[in-house]
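Reader: Please show me the structure. Then I will ask about its parts, one by one.

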Amino acid sequence: QNGGSATKTSLAVRKSVNLATFAAFSDYCSDCNATRREMEFAFSINSLFGEEISRVDQNLAPFRRASNEPLDRNLTTVIDQMGEASAKAQGLHGPITAAYKLRNSDHRVYILKDPEANSGKGAAVGFIKVGPKKLFILDHHGSQVELTPLCVLDFYVHESRQRTGCGHRLFQHMIRAEKIAPQHLAIDRPSNKFTRFLKKHYNLSAAIPQVNNFVVFEGFFRDNPASRYGRKQSSQHNRPPLYPYRREGSYVSSRQRGTYRTLQQEKEALQNIAVTQGRPSSTGLLISRTQQLQGNRNRSSSLSNLLGAVGLGADDRRMGAQASRYSRHAQDSPVTQGQR
């Protein structure tokens, strides 16, 4: 009996474990299906993007113009959800890519789709966002160079399509469309996967250390079109220069920054300046010096008259002057008549 009860208990435990495992596996499968269908939408992707890889700029223009569906709203939904998926994959607090950000910038988004997925409606596979940014890049010597290079601002491929060549095909299409070499790109906060991707496909691994979040690789300054218009800054102060109309400790309003005056206005302003005191001439300096000497002479004669009035002779006055004389020497020799 004890053996039979132990066997029944073991079977019950196994049954409960199997049920728990099956429930966990079902939840895992449901999560996988949700993840796999995350970039699939209820509307048709093929109505928004005509080619396998489409370019979307600040106009946010869909592929088709006439349709029963709200194409503009659907395009905004696709871009927003792809940006949120990219931010979630990178562990960011907020999305980098959004429709309203794209509308107010000169950035471009290249979107890769699968036209056969989702029962022929199509599905978004990934995207890459690029655009010019004004940056201060350090060269090999530690000097700052002010450039406006083309930057990779966001790059995402759906988890179900990674390691299938989709990311490489998307990146290759971008560099051909932008007519730029991979080493001339500035990468904004690349993830570990993106870093391994660049090393595998483009042999970009030696990065030049920077003080910002952008990463540039060896060969960035070699024949880079953006470096033709760059301004080199001194390495003594590794910081961006001040605004040309502003100095430290001062405030200049936006109205004053944009104002300017014509030549005639400058002449009138100079004529209205009141000259308070001109530069003294040599004759004026000579007269001033003469008046100063005359004043000293008058003060000396007044002092002599005062001493004579109290009954002090010349010898007494000389002795008094010698007694009140200050000297830093320990001994003072008396002034004799010959020394005078």
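Reader: Does Asp139 count as buried or exposed, and at what relative accessibility?
Author: This is a predicted model, where local features need pLDDT of at least 70, side-chain atom pairs count only at pLDDT 80 or more, and totals for chains, interfaces and linings use all residues. Residues are numbered from 1 along each chain as its sequence is written, and side-chain values use heavy atoms, without hydrogens and water. Buried means under 20% relative accessible area, exposed over 50%, partly exposed in between (1.4 Å probe, protein chains only). Asp139 therefore counts as buried, at 11%.

Reader: Which strands have Asp139 in the loop between them?
Author: Strands (E, at least two residues) and helices (H or I, at least four) are DSSP runs, numbered from the N terminus. Asp139 sits in the loop between strand 4 and strand 5.

Reader: What phi does Gly142 have in the turn?
Author: Strand 4 and strand 5 form a hairpin with 5 residues between them. Gly142 is in that turn, and its phi is positive, about 85°.

Reader: Why do the buried residues of helix 4 line one face?
Author: Helix 4 covers residues 166-178. Its buried residues are Cys166, Gly167, Leu170, Phe171, Met174, Ile175 and Glu178. The arc is taken from the directions from the helix axis to the C-beta atoms. Seen down the axis, the buried residues of helix 4 line one face because they fall within an arc of 160°.

Reader: Which residue follows helix 4, with a positive phi?
Author: The phi is near 55°. The residue is Lys179.

Reader: What angle lies between the planes of Phe220 and Phe221?
Author: Rings of Phe, Tyr and Trp (its six-membered ring) pair if their centres lie within 6.5 Å; planes under 30 degrees apart count as stacked, over 60 as edge-to-face and the rest as tilted. The whole structure holds 11 aromatic pairs. Phe220 and Phe221 are edge-to-face, 5.1 Å centre to centre, with the planes at 90°.

Notes
Pairing = 2+ DSSP bridges. Expected span 1.5 Å × (residues − 1).
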